[in-house]
Amino acid sequence: MERYLYFSNPNSGAPDETQETAMYATSSLLGAAPASAITTSLHFAPRDGGASPADIVTLTHTSGGHKAVFDGIASLVNAEKNNMPFQVVADVENSIFNISGVTACSIASTD
Amino acid sequence: MKTNFLHFKSIGSQTFTYASGAQTVTINGADFWDVAITNKNQVTVTVIDATDGSSNAIAQAGLTLSTNDLTILAASSSGFDLGAGDIITVTVIPTENTEAIFRADRFLGVEANASATTAVLSFKSMKSRGSAPGDDTITFTFVSDSGAAMMKNISLGVLEALNADKNGGTVTVLDRLNKTGTLAGLAITKMVIAVA
């Protein structure tokens, strides 16, 4: 059974614009790396089916907390805690953050 | 299907104690830096003032970099007026080339290259699924042992990480800062991460 990662980051009120929410198959997660001292980029295969560049979800977290984000995303990909197919990573709309230290996210897709 | 993510972290921090004279420190030595610092914007600099113990972050405008020589300008130029005993810490700003995780199922291979002292580990690009997107690489540098064991041990260490943790998770192959990972016991002297 495929699992999916969910993100939301509405700019105000309900999500009503592109890139305010996203759900990606865990198999679409290509890798992750720091973008700055307080952000980590998650690279996903593009949602529009294109080849490149990757869609990027950027998680904001405590300074230097990249390894915690790596461990957290790996745990969610593998559904270690609940074995559910729907894994909320960062749902700003509902103030749910399931990786320790993460406080915000942004979504950038290329389509 | 459980997925392992292979983790790599390079080193990039050095501490100096100021004595007197020019306010310049020399960075990029192999013992402290995996990432080549070619622009001052790649690092942060803090100074612990020996007189009061305060920690002072130096603004980018207060720094200059000439090859490996990083200079802290005077306080009047947005820098800091150093005194004897002040402790200067230069640290690389994290980027995709200082630390990363890669999917185990996107591992391509590890091989020796044209040098007897380097090996290259490759993953499919994390930024593209195109037909020919290139690869993300981690290049290890080590002291040559004439091929006796190092290359084989690197391969075995990578294999251990690829197959570790049957429940899936993050597996550290080499964390040069914390000296951990499946390759930590090998005499690797440099690791360069290059996300394509």
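1. D69 of chain B is partly exposed, with 13 other C-beta atoms within 10 Å. The scale behind that word is this: a residue is buried if 20 or more other C-beta atoms lie within 10 Å of its own, exposed if 12 or fewer, and partly exposed in between, with C-beta atoms placed from the backbone. D69(B) belongs to strand β7 (residues 69-72) of chain B. Helices (H or I, at least four residues) and strands (E, at least two) are DSSP runs, numbered from the N terminus. Leaving out residues up to four places away in sequence, D69(B) touches T24(B) and T26(B); contact requires C-beta atoms, placed from the backbone, to lie within 7 Å. I27(B) is 42 residues from D69(B) in sequence, but their C-alpha atoms are 6.5 Å apart in space.

2. A word on the basis of this note. This is a predicted model, in which local features need pLDDT of at least 70 and side-chain atom pairs count only at pLDDT 80 or more, while totals for chains, interfaces and linings use all residues. Residues are numbered from 1 along each chain as its sequence is written, and chains are lettered from A and ligands numbered from 1 in the order in which they are written.

3. Most residues other than glycine have a negative phi. T67(B) is not a glycine, yet its phi is positive, about 50°. T67(B) sits in the loop between β6 (63-66) and β7 of chain B and counts as exposed, with 10 C-beta neighbours inside 10 Å. K179(B), also not a glycine, has a positive phi of about 55°. Its loop runs between β13 and β14 (188-194) of chain B, and K179(B) is exposed, with 10 other C-beta atoms within 10 Å.

4. Chain A has one helix and eight strands, in the order β-β-β-β-β-α-β-β-β along the sequence. Its radius of gyration is 13 Å, close to the 13 Å that the globule rule gives for 111 residues, so chain A is as compact as a globular protein of that length. The radius is taken over C-alpha atoms, and the rule is 2.2 Å times the number of residues to the power 0.38. Of the 111 residues, 37% are buried. The C-alpha trace spans about 35 × 30 × 25 Å along its principal axes.

5. Which elements of chain A give two or more residues to the side that touches chain B? In the contact between the chains, 22 residues of chain A meet 27 residues of chain B. The elements are β3 (29-36), β4 (39-44) and α1 (66-77) of chain A. That side of chain A has 12 nonpolar, eight polar and two charged residues. Here Ala, Val, Leu, Ile, Met, Phe, Trp, Tyr, Cys and Pro count as nonpolar, Asp, Glu, Lys and Arg as charged, and the others, Gly among them, as polar.

6. A sheet crosses between the chains. Seven strands form an open sheet of mixed pairing, ordered β8(A)-β5(A)-β4(A)-β3(A)-β9(B)-β1(B)-β13(B); strands pair if DSSP finds at least two bridges between them. The edge strands, each pairing on one side only, are β8 (102-108) of chain A and β13 (169-175) of chain B. On average, neighbouring strands are turned by 20° against each other, direction ignored.

7. The pairings can be followed strand by strand. β3(A) and β9 (residues 99-103) of chain B are antiparallel over two bridges, with G31(A) opposite F102(B). β1 (residues 4-9) of chain B and β9(B) are antiparallel over five bridges, and F5(B) stands opposite R103(B). β1(B) and β13(B) are parallel over six bridges; N4(B) stands opposite G169(B).

8. Helix α1(A) packs on this sheet, and its direction makes about 145° with that of β13(B). Axes are lines fitted to C-alpha atoms, for helices over the stretch in contact, and angles run from 0 to 180 degrees between N-to-C directions. Of the seven residues of β13(B), five are buried.

9. Which residues have the most contacts inside the largest nonpolar core? They are I73(A) and L6(B), in a core of 53 residues. Such a core is a set of buried Ala, Val, Leu, Ile, Met, Phe, Trp, Tyr and Cys residues joined through C-beta atoms within 7 Å. α1(A) gives the most to this core, with six residues. Beyond four places in sequence, the contacts of L6(B) include I101(B), F102(B) and V171(B).

Methods:
Two residues are in contact if their C-beta atoms, placed from the backbone, lie within 7 Å.
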